Amino acid sequence: MKLNVHENGTGDKVALLIHGGMSDHRTWHAVEDHLVGLGYRVVAPDLRGHGRSPRGEYRPELLAEDLVENLPTGADVAIGHSLGGLSLALAVSELRPGRAVYSDPGFLLRNVPAGATAGMRHMVASATADGVRAMNPRWSPDDVAAELAGFALFDPGFLDATERFAQDYLPERAVVPSLVQLADPSLCIDTRGAGRLRERGFEVCVVPRSGHCVHRDDPQGFLKSLDGWI
């Protein structure tokens with residue numbers, strides 16, 4: 001599948017940014033600007049069913065195959081949020097970035113609260129700028145605009161497919177030097193899951209008082225936790 005892939009910057013270093021569910025590459029706008037300022041070329045796809053990428057069958061394994069087919073191998077760093085973190089973990093052995101960062105990744109879907117999918121479906125269908133601001137008071141106006149733009153292009157059928165996803169995608173090992181960055185509290189990763197990740201070679205950190213979208217709830221905390229990784 002040919003994904004819509006956004007690129008920005010002309011630096012010698014390469015950063016892959018992989019968005020979460022119901023969003024598209026625009027969710028990374030602030031992180032993208034920061035990385036371009038550090039001399040990175042940013043490559044940020046829209047996952048299938050999201051943004052301007054095609055629709056199709058929806059399974060995490062297929063999302064990972066799309067990343068391998070559409071993104072460069074050997075990037076300096078790859079960062080994936082939520083569903084994007086899960087997709088990156090399934091693709092990392094072939095993409096082989098120098099470092100991988102998983103931001104509140106969807107590794108343990110069984111921990112997602114009951115009724116969350118129905119809530120997400122309603123949120124996409126009824127979203128307004130005022131509603132997004134009320135739910136996310138720490139977001140910038142650009143974050144609100146990016147959320148609404150992502151919702152407008154998202155295929156709601158993707159949410160139906162998520163109910164058939166496996167419940168445990170916790171990686172068996174860190175294929176490359178890897179950081180798992182958790183929200184406070186995390187949507188999917190409980191204390192036991194964080195411990196298992198550490199045992200499997202992942203560094204794990206928590207960004208205090210941040211929600212699931214760490215990079216939008218607390219951009220400075222998000223970036224501070226990446227010291228040494230970008």
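The model is predicted. The chain has 10 helices and 7 strands. Its radius of gyration is 16 Å, close to the 17 Å that the globule rule gives for 230 residues, so the chain is as compact as a globular protein of that length.

**Overall build**

- Along the principal axes, the C-alpha atoms fill a box of roughly 40 × 40 × 35 Å.
- Buried residues account for 51% of the 230 residues.
- Take the contacts between residues at least 6 apart in sequence: 74% of them join residues at least 24 apart.
- The accessible surface comes to about 10,000 Å². Carbon and sulfur atoms hold 51% of that surface.
- The chain carries 23 positive and 30 negative charges.

**The nonpolar cores**

- In soluble globular proteins, nonpolar side chains tend to be buried together.
- The largest nonpolar core of this chain has 45 residues. The members that touch the most other members are Leu16, Leu67, Tyr102, Phe107, Val180, Ile189 and Leu197.
- Another core, of 20 residues, lies apart from the largest one. Val101, Ala183, Leu226 and Trp229 are among its members.

**Helix H2 and its cover**

- The buried residues of H2 are Pro60, Leu62, Leu63, Ala64, Asp66, Leu67 and Asn70. Of these, Leu67 is also named among the residues with the most contacts to other members of the largest core.
- The cover over the buried residues of H2 includes strands S1 (5-8), S2 and S3 (40-45). Helices H3 and H7 are also part of that cover.

**Helix H7: alanine 161**

- Alanine 161 sits in helix H7.
- Its relative accessibility is 4%, so alanine 161 counts as buried, the cut-off being under 20%.
- Alanine 161 and arginine 198 are 37 residues apart along the chain. Their C-alpha atoms are separated by 30 Å.

**The loop between S6 and H8**

- Aspartate 184 is found in the loop between S6 and H8. Proline 185 is found in the loop between S6 and H8 too.
- A cis peptide bond joins aspartate 184 and proline 185, with omega about 5°.
- Most peptide bonds are trans.
- Aspartate 184 has a relative accessible area of 36%, so it is partly exposed: the value falls between the 20% and 50% limits.
- Leaving out residues up to four places away in sequence, aspartate 184 touches Val206, Val207, Pro208, Arg209 and Ser210.
- Aspartate 184 and serine 225 are 41 residues apart in sequence. From C-alpha to C-alpha, they are 13 Å apart in space.

**Residues with positive phi**

- Most residues other than glycine have a negative phi.
- Methionine 22 has a positive phi, near 75°. Methionine 22 lies in the loop between S2 and helix H1 (29-37).
- The relative accessible area of methionine 22 is 10%, so methionine 22 is buried.
- Arginine 96 also has a positive phi, near 50°. Arginine 96 lies in the loop between H3 and S5.
- The relative accessible area of arginine 96 is 44%, so arginine 96 is partly exposed.

**The loop between S1 and S2**

- Threonine 10 lies in the loop between S1 and S2.
- Threonine 10 has 78% relative accessibility, so it counts as exposed, the cut-off being over 50%.
- Threonine 10 and histidine 215 are 205 residues apart along the chain. A distance of 23 Å separates their C-alpha atoms.

Key
Residues numbered from 1 in each chain as written. Predicted model: local features only at pLDDT ≥ 70, side-chain atom pairs only at ≥ 80, totals over all residues. Heavy atoms only, no water. Helix = DSSP H or I, 4+ residues; strand = E, 2+ residues; numbered from the N terminus. Rg over C-alpha atoms; globule rule 2.2 N^0.38 Å. Buried < 20%, exposed > 50% of the residue type's maximum accessible area, 1.4 Å probe, protein only. Contact = heavy atoms within 4.5 Å. Areas by Shrake-Rupley, 256 points an atom, 1.4 Å probe, with all protein chains shown as cover. Lys, Arg positive; Asp, Glu negative; His and termini not counted. Charge placed at Lys NZ, Arg CZ, Asp CG, Glu CD. Core = buried A, V, L, I, M, F, W, Y, C linked by side-chain atoms within 4.5 Å.
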